[in-house]
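Hi,

Here is the structure I promised to pass on. Have a look at it first, then read my notes below.

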Amino acid sequence: MSRKNSMQKNVVIIGGEGKLARLFNRELSKLGMSVFSLDKNDWHKADELFAQADAVIVAVPIHLTLDVIARCHQLPVECILADLTSIKSSPLRAMLDIHSGPVLGLHPMFGPDVSDFSHQTIAVCDGREPDKTLWFKQLLKNTGAELYTISASEHDESMTFIQALRHFSTFAYGVHLQQEQADLSSLIKLSSPIYRLELAMVGRLFAQDPELYADIIFSSKSNISMIKRYHQRLGELISLLENKDKAGFINQFSDVGDWFGDDAQRFLKESSAMLDSTQKS
């Protein structure tokens, strides 16, 4: 590894053979960065790569992240240590413990199937010496990504809703369809456009790596607590049906609609436009 000029940086991606890591490799390489992959069979190269690294990015599955971070203890003091994990608090603490230099938590809010970073959101959680990570943040902006700065705790609280609760609900619905032996071909043929899209999202989940989703859902006790509260509320809402309380159902529906406010109409318009686009393609 060598430095060609002051504008070029050496970036090491740990877990570099993963799909998301390869996407980051490609996009950063487009901007002239020297990007090096360090995978599980390459650790004999680690000392050499780390010695000249300007940034080291941990891009491994959640259940491996803390162990891999623990191996990043000999980085240059000016080197940025970052991760791409979908949870942020525990990886950020681990990076701060192992590295005395700049630390940055990142969460790409997209999967490896996007064509590039243009208009894609990356959550950014500052760890240490944010002024020394500005060059890397600017690099990400130069790829076309949109950065959203947030604290690790706020990020993880949001992910409880966006990921853990949503994925578990989808998982439970898929399990229910399977155990009820629903006629999937008939459901597809009879689906309205919006239900077809919802059904596609359920099928999409089960076409992917189950360990990834298990890692996300099992990653914190707060996820389990949230899912238990969701389960409790389902029971409370079922009582409306059992009691034939149509008025109570309508009142609850209206209360939630008021809580969404103007966003409800915005989401209606956005979803209608998405459906229209899907049907035309």
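A quick term before we start: a crossover is right-handed if, with the strands pointing away from the viewer, the path from the first strand over the helix to the second runs clockwise. Helices (H or I, at least four residues) and strands (E, at least two) are DSSP runs, numbered from the N terminus. Residues are numbered from 1 along each chain as its sequence is written. Keep in mind that this is a predicted model: local features need pLDDT of at least 70, side-chain atom pairs count only at pLDDT 80 or more, totals for chains, interfaces and linings use all residues, and side-chain values use heavy atoms, with hydrogens and water left out.

Now for strand β4 (residues 80-83). With β3 (residues 55-58) and helix α3 (residues 62-69), β4 makes a right-handed β-α-β unit. β4 also forms one with helix α4 (residues 89-98) and β5 (residues 103-108). β3 and β4 pair in parallel over four bridges (pairing takes at least two DSSP bridges), and Val58 sits opposite Asp83. On β5, Leu104 is the bridge partner of Ala82.

Is β4 buried or exposed on its two faces? Both are covered: Ile80 and Ala82 on one side, Leu81 and Asp83 on the other, are all buried (under 20% relative accessible area; exposed is over 50%, partly exposed in between, 1.4 Å probe, protein chains only).

Last, a salt bridge (a Lys or Arg side-chain nitrogen within 4 Å of an Asp or Glu carboxyl oxygen) links Lys132 and Glu78 at 3.3 Å, N to O. Lys132 is in the loop between β6 (121-128) and α5 (134-142) and Glu78 in the loop between α3 and β4, so the pair ties together parts 54 residues apart in sequence.

Cheers
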